[in-house]
Amino acid sequence: MNRRQLLVGGAAAALTLRAAPALADSDEGGLLLGLWRREKGLAIAYGQQVHAQPELLGPARRHANEHAAAIATALAAVGLGTPKPPWTPNDLDVAAQRLATSRPADVLANAVLVEEDMVDVYKTALPGLPDSKIAMTAATILASHAQHLFIFRDAAQVT
Amino acid sequence: MGAGALLLVGCGPPDEPEVDAANVWGEQLRVSQAALAAYPSISLRSAAAKRVRQLESQAGATGTAPTATRSLQTALEAERVALQAHVAAVGELEDRASRELLATLIAGTAEAVSALRAEMDEPPIVDAFPGQRNRP
């Protein structure tokens with residue numbers, strides 16, 4: 001199955017629901033807040049679906065929580081606190097909400113889409129992070145999402 | 001969370017030396033060439049070659065192609081070194097164009113690390129912060 005077939009077969013509707021802009025603010029603190037919200041939302045979404053593919057989604061949820069914790073440390077470094085976390089799927093960005101509410105047959109396809117979004121989000125954010133150590137932390141998180149994208153594509157047989 | 005991730009924040013030296021961008025890019029090209037030279041003839045090699053070409057076109061980047069024993073294991077080790085170098089370069093180069101190219105290289109190299117591990121029947125992901133020094 002190629003990517004097009006997968007999307008047509010299971011998640012075509014999702015194509016019309018691209019993720020809401022996570023990086024509405026261009027300052028460093030705003031960028032970090034957007035990244036933190038995306039990671040917390042992703043952790044909730046994976047948690048909602050972890051029963052479907054525990055060997056894949058369990059580590060992905062754990063890593064999203066670890067990423068959020070690292071970003072919370074960066075928020076503190078720029079003088080910002082950690083906001084109240086999202087709690088239900090209704091609190092999530094569009095991409096995470098789509099994954100959280102997926103039918104079982106669509107979970108992997110939506111995991112691919114949400115990780116593609118996360119890779120794009122971090123690629124966009126990296127030039128906007130002036131603190132070198134915060135930027136390096138974001139770079140390692142970008143690498144992590146690229147790896148999760150690889151394994152989800154592989155599992156979904158997306159080419 | 002990984003302690004290393006916490007340590008990346010707010011613990012830099014007070015007076016950092018001026019960065020020579022040409023040297024940084026030269027190092028990125030060197031490690032990527034070393035990774036490419038270590039690949040056996042598998043499909044993943046073409047993506048590694050593309051990353052080298054991207055670096056060769058970067059202004060100021062120079063280097064000579066190294067030789068290496070070709071195997072999945074040596075390619076994996078070399079790509080891990082390359083990923084660490086690319087992440088470190090993010091801390092040295094702040095301009096938008098550099099960060100954009102490094103982001104592309106980091107995503108591609110991280111994927112290559114997982115793909116090589118998968119080829120070797122190893123867990124493709126072993127860490128939440130790949131590319132940190134002194135971590136898998």
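The contact (heavy atoms within 4.5 Å) takes 38 residues from chain B and 31 residues from chain A. This is a predicted model, in which local features need pLDDT of at least 70 and side-chain atom pairs count only at pLDDT 80 or more, while totals for chains, interfaces and linings use all residues. Residues are numbered from 1 along each chain as its sequence is written, and chains are lettered from A in the order in which they are written.

**Interface**
- Chain B and chain A bury about 2800 Å² between them, with carbon and sulfur atoms giving 72%; this is the accessible area (1.4 Å probe) that the two parts lose on being put together, summed over both.

**Largest pocket**
- The largest pocket holds about 370 Å³ of space, a volume being the space filled by probe spheres set on grid points joined across faces, edges and corners.
- A pocket is an open set of points on a 1 Å grid over the protein atoms alone, where a 1.4 Å probe fits, with protein on both sides within 12 Å along at least five of seven lines; lining residues have an atom within 4 Å of a point.
- Its lining has 15 residues, and A:Lys123, B:Thr104, B:Ala107, B:Gly108 and B:Glu111 lie nearest the centre.

Key: Side-chain values use heavy atoms; hydrogens and water are left out.
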